[in-house]
Amino acid sequence: MAVTVKECLELQLLEVEMLLSMFPKRGEINLDKDAVPSVQRYLKNSGGALPPQLEYCIALDVGEAKVKVELHVHLPHMYPQVAPQLFARSDALHRQQQLQLNTRLTSHISSLSSGDLCICETVQWVKDNSLPYLENSKISSERASKEVRVKEFLHRTWIYSHHIYRQELRKKIFDSAKKLNLTGFCLTGKPGVICVEGLRENCEEFWRVIRYPNWKHISCKHVDNIETEGNIDDIRLFHGFEDLQFQAHGDYGLRNDYHMDLGQFLDFLKQHQSGHIFQILFGVEGKLSDK
């Protein structure tokens, strides 16, 4: 018999309850306060729209030094019938070691049987398998302090969408950018444009998260990869993640079908040394808005 979404969501709530009992201290599990109630409301009236997918972060203490490793969890509605999306990160890990750890984590998840809850088991897996990377990271840091500064790369990704309106989607965009230490902006309205800059793996993770499971009319238009021997923060074009809302034209009715003033957007791009991106995004040369 085919498993229903309702059955999957009931199992997800059961697993969240188990995790909360395993991690009862404040700050150990970061879960939006309305996440569980939204699922519960849907289960009481399953004829309505599906609730937002469950997302939470578990802070783990690894090794005798109790180094913090965060396990970020994103659950599709049909989990555990389909695999969860998991990502481990730690300030104590260099990006290459973090990439290696997550490659192994993905391989581990893919080896598990579908239909079984696996987050509790994965928590123990992360604890058991993060320590070698943390120890190697410490050794690498000690060596690096004695060597010449290595080259770093800033990744900048430009994303175009037909439109960006929904509050739930905008929340995911801003939360993901903050979580992954990305700067840039989100232009709300029609069209919608997102720019994120930071470490390559963080930009790629952002792109993977926001387009999942099936955001139509979205594309990655351009990627910059900039090399520096200094700190990548010194070459960022943006110093935070901005919410852009310019003058709009069109119907302000229920459809929210309004067009952004692209002249103002071009002004903004030029102020951030990115005027050339306008033609890449829209296929035409931009004209400055009237002053």
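Thr183, Phe185 and Leu187 point one way from strand 6, while Gly184 and Cys186 point the other way, and all are buried (buried means under 20% relative accessible area, exposed over 50% and partly exposed in between, with a 1.4 Å probe and protein chains only). In a regular strand, side chains alternate between the two faces of the sheet. The model is a predicted one, where local features need pLDDT of at least 70 and side-chain atom pairs count only at pLDDT 80 or more, while totals for chains, interfaces and linings use all residues. Residues are numbered from 1 along each chain as its sequence is written, and side-chain values use heavy atoms, with hydrogens and water left out.

Strand 6 spans residues 183-187, and five of its five residues are buried. Helices (H or I, at least four residues) and strands (E, at least two) are DSSP runs, numbered from the N terminus. Strand 6 runs antiparallel to strand 7 (residues 192-198), with five bridges joining them; two strands pair if DSSP finds at least two bridges between them. Across this pairing, Cys186 sits opposite Ile194 of strand 7. Four residues lie between the two strands of the hairpin, and Gly189 there takes a positive phi near 120 degrees. Strand 6 also pairs with strand 9 (residues 241-244), this time in the parallel sense over four bridges, and here Phe185 faces Glu242 of strand 9.

Strands 1-2-3-4, in that order, make up an open sheet of four strands with antiparallel pairing. Strand 1 (29-31) and strand 4 (85-89) each have a single partner strand, so they stand at the edges and one side of each has no neighbour in the sheet. From one strand to the next, the twist averages 15 degrees (axes are lines fitted to C-alpha atoms, for helices over the stretch in contact, and angles run from 0 to 180 degrees between N-to-C directions). Strand 1 is tied to strand 2 (residues 55-62) by three bridges, and Asn30 has Cys57 in strand 2 as its bridge partner. Helix 1 packs on this sheet, touching strand 1 and strand 2, and its direction makes about 30 degrees with that of strand 2; contact means heavy atoms within 4.5 Å.

Lys6, Leu9, Glu10, Leu13 and Val16 of helix 1 meet Val36, Val39, Gln40, Tyr42 and Leu43 of helix 2.

Now for helix 3 (residues 95-111). Buried here are Gln97, Gln98, Leu101, Asn102, Leu105, His108 and Ile109. Seen down the axis, the buried residues fall within an arc of 130 degrees, so they line one face of helix 3; the arc is that of the directions from the helix axis to the C-beta atoms. Turned away from that buried side are the exposed residues Thr106, Ser110 and Ser111.

Ser130 belongs to helix 4 (residues 119-144) and counts as buried because its relative accessibility is 0%. Beyond its neighbours within four places in sequence, Ser130 is in contact with Val62, Val69 and Leu101. Ser130 and Leu105 are 25 residues apart in sequence, and their C-alpha atoms are 9.9 Å apart in space.
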